[in-house]
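Please consider the sequence and the three-dimensional model shown below.

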Amino acid sequence: MSHSTVPRSSAEAGTPVKTPVASEDATGARKKQGSGRLSLKLRFRRDRTLILMTLPAVVLVLVFNYLPILGNVVAFQDYDPYISDNGIVSILHSPFVGLENFQRMFEDSAFWNAVQNTLVLFFVQLVLFFPIPVLLALLINSVVRPRVRAVAQAVLYLPHFFSWVLVIAVFQQMFGGAGMLSQLLRQNGYDGLNIMTNPDTFAFLITAQSVWKDAGWGIIVFLAALSSVSPDLYEAAAMDGAGRWRRMWHVTLPALRPVIALLLVLRVGDALTVGFEQILLQRDGVGTGAGEVLDTFVWWNGVRNQDFGYAAAAGLVKGVVSIGLVLAANKVAHLMGEQGVYKK
């Protein structure tokens with residue numbers, strides 16, 4: 001009997017054939033094994049509870065953060081809010097002036113003075129203020145006794161709850177013309193010292209106030225990052241002969257590197273915002289030559305001088321430049337191997 005040379009099918013030969021089997025995830029959404037991501041409809045069914053929970057927050061962000069962006073159109077108008085009681089009607093009936101407000105702004109020496117003061121304050125705070133929370137977090141983390149660590153953290157964090165009015169009042173009582181430092185100098189035969197109204201030291205004064213008030217907040221962020229470091233890494237480094245400084249350099253700092261990069265990117269993006277309330281309260285004391293920044297420039301021209309179109313133009317330029325700084329700083333973070341604000 002002759003045998004056929006035609007090979008049998010895999011089913012006839014007994015070879016099992018893999019067919020797509022539908023699987024069901026925890027939420028009841030079905031998908032095929034080996035397929036790609038779930039469809040949008042299935043993902044919505046799966047996450048509908050979380051979506052409904054976050055919906056109120058999304059609505060608030062849209063209403064109070066994104067919807068007002070449409071008001072930037074007044075930067076291209078000679079905006080008059082007194083045309084109507086309705087702000088939208090006032091915008092619709094205000095005459096367009098094109099780029100006139102921007103041209104006027106770039107020709108204004110007061111604007112460039114505000115830009116210069118803003119950049120000076122940013123660089124001083126970046127150099128003198130940004131590293132302090134990192135150093136304090138490392139110092140607190142090295143304390144062995146938990147009770148001492150908790151007390152130190154609470155003492156440093158407490159000024160964060162003070163208002164800027166209170167912070168400036170405390171500094172006035174200490175470093176003002178009639179403050180404790182001036183009185184102490186006069187009692188010892190020296191001239192009094194009024195740091196609060198000295199334009200030459202205003203940038204350092206602002207930085208010292210920010211350190212005293214907000215350094216504790218930064219400590220919490222870095223301590224949270226340090227809490228995720230496994231103690232086994234420190235033990236392994238110690239067994240290899242690494243001392244305290246070596247363990248800090250090779251274990252602690254690499255753990256803080258992603259957080260430092262993220263906060264640095266955000267700080268660079270916030271470079272043109274150096275503390276509106278803090279500086280506004282002290283602007284008249286030191287004069288506009290040293291105390292005028294972009295935020296106070298916008299406030300003074302918009303609120304005090306009622307020149308809303310001109311103020312909106314300055315605020316719009318500030319916002320666009322800030323976005324560019326965030327993107328540039330985030331790109332640098334990617335080149336350094338860090339995630340930054342968002343991934344590539």
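## Ser182 and its surroundings

Beyond its neighbours within four places in sequence, Ser182 is in contact (heavy atoms within 4.5 Å) with Gly176, Gly177, Gly192, Leu193 and Asn194. Ser182 belongs to helix α9, residues 180–187; helices (H or I, at least four residues) and strands (E, at least two) are DSSP runs, numbered from the N terminus. With a relative accessible area of 0%, Ser182 is buried. Buried means under 20% relative accessible area, exposed over 50%, and partly exposed in between, with a 1.4 Å probe and protein chains only.

## Basis of the model and overall make-up

This is a predicted model, in which local features need pLDDT of at least 70 and side-chain atom pairs count only at pLDDT 80 or more, while totals for chains, interfaces and linings use all residues. Residues are numbered from 1 along each chain as its sequence is written, and side-chain values use heavy atoms, with hydrogens and water left out.

The protein chain has 17 helices and two strands. Of its 344 residues, 29% count as buried. Among contacts in the protein chain with a separation of 6 or more, 60% come from residues 24 or more positions apart.

## The nonpolar cores

In soluble globular proteins, nonpolar side chains tend to be buried together. A nonpolar core is here a set of buried Ala, Val, Leu, Ile, Met, Phe, Trp, Tyr and Cys residues joined through side-chain atoms within 4.5 Å. The largest such core has 21 residues, of which Leu121, Phe202, Val274 and Ile279 touch the most other members. Two or more residues each are given to this core by α5 (109–128), α8 (164–175), α10 (202–226), α12 (244–269) and α17 (308–335). Apart from it lies another core of 16 residues, including Tyr79, Phe111, Ala114 and Val317.

Phe202 is in contact with Ile279, Gln282, Val286, Ala290 and Gly291, leaving aside its neighbours within four places in sequence. Val274 sits in the loop between α12 and α13 (276–280) and, at 4% relative accessibility, counts as buried. Not counting residues up to four places away in sequence, Val274 touches Thr118, Leu121, Phe122, Gln125, Ile279, Val293 and Asp295. Val274 and Gln125 are 149 residues apart along the chain, and their C-alpha atoms are separated by 8.8 Å.

## Helix packing

How do α8 and α10 pack? Their axes are 11 Å apart, at an angle of about 120°; axes are lines fitted to C-alpha atoms, for helices over the stretch in contact, and angles run from 0 to 180 degrees between N-to-C directions. The two helices, α8 and α10, are therefore oblique to each other, since angles under 35 degrees count as roughly parallel, over 145 as roughly antiparallel, 65 to 115 as roughly perpendicular and the rest as oblique. Trp164, Val167, Ile168, Val170 and Phe171 of α8 make the contact with Leu205, Ala208, Gln209, Ser210, Trp212, Lys213 and Asp214 of α10.

Helix α11 (residues 231–239) packs with α12 at an angle of about 145°, their axes being 10 Å apart. Here Leu233, Tyr234, Ala237 and Ala238 in α11 meet Arg247, Val251 and Thr252 in α12.

## A loop residue

Gln306 lies in the loop between α16 (294–304) and α17. The phi of Gln306 is near 60°, a positive value in a residue other than glycine. At 34% relative accessibility, Gln306 counts as partly exposed.
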